[in-house]
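Me: I'd like to go through this model with you before I set anything up. Can we take it piece by piece?

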Amino acid sequence: MALDVLALRGLGLGDLLTAVPALRALRRAFPARRLVLAGPPALAPLLPVDEVIEVRGPGPVPYDGAEVAVNLHGRGPQSTRALRATRPGLLLTHGGDGPPWRADVHEVRRWCDLLEWYGIAADPADLYLGRGDRSGPVVVHPGAGAPSRRWPADRFAAVVAALRARGRQVVVTGGPAERELAERVAGDTGATVAAGRTDVRRLARLVRDARLVVCGDTGVGHLATAYRTPSVLLFGPVSPALWGPPAAGPHVVLWKGGTGDPHGREPDAGLLEIGVDEVIEVMARCESW
């Protein structure tokens with residue numbers, strides 16, 4: 001049996017960053033063991049792990065015989081079965097002998113609570129990756145994983161235009177599939193379009209050193225939290241009580257209180273209640289921090 005701790009979280013950037021406190025807790029609890037993440041290798045530079053084996057989703061997991069396997073992916077049953085199939089010496093997961101799954105707990109605390117159930121101390125506040133110098137441009141990230149969490153492009157464009165009118169440098173970020181969206185948002189304002197041109201390391205540096213970040217409920221928002229970069233975060237249809245930043249950080253969350261389908265095909269009605277003028281007003285306050 002390999003003397004490794006294997007943690008499964010086959011999810012994207014924001015989801016993985018919420019698991020950083022749990023990963024650090026595992027590192028402290030098993031200092032003499034290698035910490036292996038089953039997840040997306042592109043995100044390895046940001047995470048406190050020794051190795052990443054490529055897994056997307058709940059498995060299967062191409063690994064055999066870890067000393068301890070930890071399900072940081074979800075409630076199961078697929079992810080639990082995938083880890084059990086690796087024949088670990090000990091499996092830590094929700095359900096069974098583990099804690100019951102709760103839908104009303106913040107995602108960061110969820111995984112810390114799981115470890116606490118098994119006697120492993122974990123601190124939900126231990127999620128920071130460092131701090132930048134705020135010498136960079138304002139980062140505007142208009143994309144999101146689903147249309148229901150995507151504030152309209154024309155509103156983001158109005159925000160970019162307002163920033164440029166105040167003489168701010170602006171970088172519009174996004175993935176390769178969001179290049180057209182980013183170009184629409186940048187328009188003819190002179191903002192830089194970095195969508196599709198940034199790997200994880202460069203995106204992390206942009207967010208770390210940004211003067212300000214403006215985005216929805218996305219991985220870039222979690223990066224801003226991790227680097228304590230001032231941010232304006234537009235939430236809907238998921239409550240920030242479940243996925244938002246800590247209250248003590250330099251972040252303003254705009255949320256109108258409604259909930260809905262986080263994977264919906266149309267922008268959430270509550271998200272649409274957030275107006276351009278409101279965002280511009282909050283940005284000015286954040287820039288003074």
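Me: To start, where is P77 found?
Reply: P77 is found in the loop between strand 4 and helix 3, where helices (H or I, at least four residues) and strands (E, at least two) are DSSP runs, numbered from the N terminus. Please keep in mind that this is a predicted model, in which local features need pLDDT of at least 70 and side-chain atom pairs count only at pLDDT 80 or more, whereas totals for chains, interfaces and linings use all residues. Residues are numbered from 1 along each chain as its sequence is written, and side-chain values use heavy atoms, with hydrogens and water left out.

Me: OK, and what joins G76 and P77?
Reply: A cis peptide bond joins G76 and P77, with omega at about 5°. A cis peptide bond also joins G236 and P237, again with omega at about 5°, and P237 lies in the loop between strand 10 (231-234) and helix 9 (240-243).

Me: Switching to charges, how many salt bridges does the structure hold?
Reply: The structure holds 15 salt bridges, a salt bridge being a side-chain nitrogen of Lys or Arg within 4 Å of a carboxyl oxygen of Asp or Glu. One of them is between the side chains of R87 and D64, at 2.7 Å from N to O. That pair links distant parts of the chain, 23 residues apart, with R87 in the loop between helix 3 (78-84) and strand 5 (90-92) and D64 in the loop between strand 3 (51-54) and strand 4 (66-71).

Me: Is R87 buried or exposed?
Reply: R87 counts as exposed, because its relative accessibility is 55%, while D64 is partly exposed at a relative accessible area of 44%. Here buried means under 20% relative accessible area, exposed over 50%, and partly exposed in between (1.4 Å probe, protein chains only).

Me: Which residues are linked in a network of salt bridges?
Reply: D4, R34 and E51 are linked in such a network.

Me: What follows helix 8?
Reply: Helix 8 is followed by R228, whose phi is positive, near 55°; R228 is found in the loop between helix 8 and strand 10, and R228 is partly exposed, with a relative accessible area of 26%. Another residue other than glycine with a positive phi is R134, near 60°, which is found in the loop between helix 4 and strand 6 (138-141) and counts as partly exposed at 28% relative accessibility.

Me: Last one, which helix does R201 lie in?
Reply: R201 lies in helix 7 (residues 200-209) and counts as exposed, at 51% relative accessibility.
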